[in-house]
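Please open the predicted model in the viewer and follow the selections below in order.

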Amino acid sequence: MEERRSLMTARQSRLGYAAVGLSIAGNVILFIVKYWVGLSVDSVAMQADAWHTLSDTLTSLIVLAGFWMAARPPDREHPFGHGRAESIGALIIGTLLAVVAFSFLQDSLMRLFTGDTVDYSQLSILVFLATVFVKEAMAQVSMYAGRQRDSEVLIADGWHHRSDALTSLFIVIGAWAGGAYGWIDGALGIVVSLFIFYAAGSILRDVVTSLLGERPRHEMQQRIMAAITQTAPEASDIHHMHLHRYGDHREMTLHIRLPDDMPLRDAHAIAHRVEQMLHERFDIAATVHVDPLSGGHM
């Protein structure tokens, strides 16, 4: 069992690194092409979107550093391991994105107020249209790797790619309408900035939730409760279920009720059996607290 879990972890790790490597290479190429096109037509929206793409590269490097740190084994100062290095990396990503969004919001508002128009070339439109499909493909790869690895950072990176695809789509639409509406570039720059703000807020919200500790999703709670009932029919009223993530390592605390007259040795054996089952079936290191059946919630 342990050997199989180790092989699976190694495969998931390789998949995560491959997804990050693909993101870095793809984003560098896209940034160079998009920024060159944005400069050639003097479009602040296209330049903002290009820098958004480059920021994806920076975030991927931070994810890579988080993977390396999270893989370090537990030590005396960090008994739960270094898994939350991924969460710290995501926190940095969200903050950097918010700074980038604010900067380009200022530039877009200035362009909107000055009323400068942009003459989009056919090449610029085709480049950004192609970007929509490329970034969505990168989003799919990152999200798939994130689900396989159970990595919130990779899934967040996938949503970052998707937000880039959506902003590129808005720019293409705006480019086609730019001849009729001179203010469209500044307005689309604002839209791009707001999408970056949204991506930053989503990442920060998820990271903070993970760092503070969270209640497992309803579906996961139901699966765990059913497994506990099957493993320990004597247990009832499963409650106070809290989940703590440390990268790919997960700790859980929960309470179960057992009959008041049950010997301490038997209660301990049941709690241990439940903890062992949660480790084997869900890869969760659990701590089970036993409450008396007749007592109130502790």
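The lining of the second largest cavity divides into 6 nonpolar residues, 1 polar residue and 1 charged residue. To display this lining, select T59, V63, A90, I93, V153, A156, D157 and I203. A search of the whole structure finds 2 cavities of 30 Å³ or more.

Next, colour the helices around this site. The elements that give two or more residues to the lining of the second largest cavity are α2 (44-70), α3 (85-114) and α5 (152-177). Of the lining, α5 supplies the largest share, with 3 residues.

Now move to another part of the model and select residues 218-231, which form helix α7, together with residues 264-282, which form helix α8. How do these two helices cross? The axes of α7 and α8 come within 10 Å and cross at roughly 130 degrees. The crossing of α7 and α8 is right-handed.

To examine the contact itself, show the side chains on both helices. On α7, select R223, I224, A227, I228, Q230 and T231; on α8, select R273, V274, M277, L278, R281 and F282. Colouring the contact of α7 with α8 by residue class gives 7 nonpolar, 2 polar and 3 charged residues.

Note on methods: Residues numbered from 1 in each chain as written. Predicted model: local features only at pLDDT ≥ 70, side-chain atom pairs only at ≥ 80, totals over all residues. Heavy atoms only, no water. Axes fitted to C-alpha atoms, helices over the stretch in contact; angles between N-to-C directions. Helix = DSSP H or I, 4+ residues; strand = E, 2+ residues; numbered from the N terminus. Left-handed = near helix turned anticlockwise from the far one by under 90°. Contact = heavy atoms within 4.5 Å. Nonpolar A, V, L, I, M, F, W, Y, C, P; charged D, E, K, R; others polar. 1 Å grid on protein atoms, 1.4 Å probe; cavity = no way out; pocket = protein on both sides within 12 Å on 5 of 7 lines; lining within 4 Å. Points joined across faces, edges and corners; volume = space filled by probe spheres on them.
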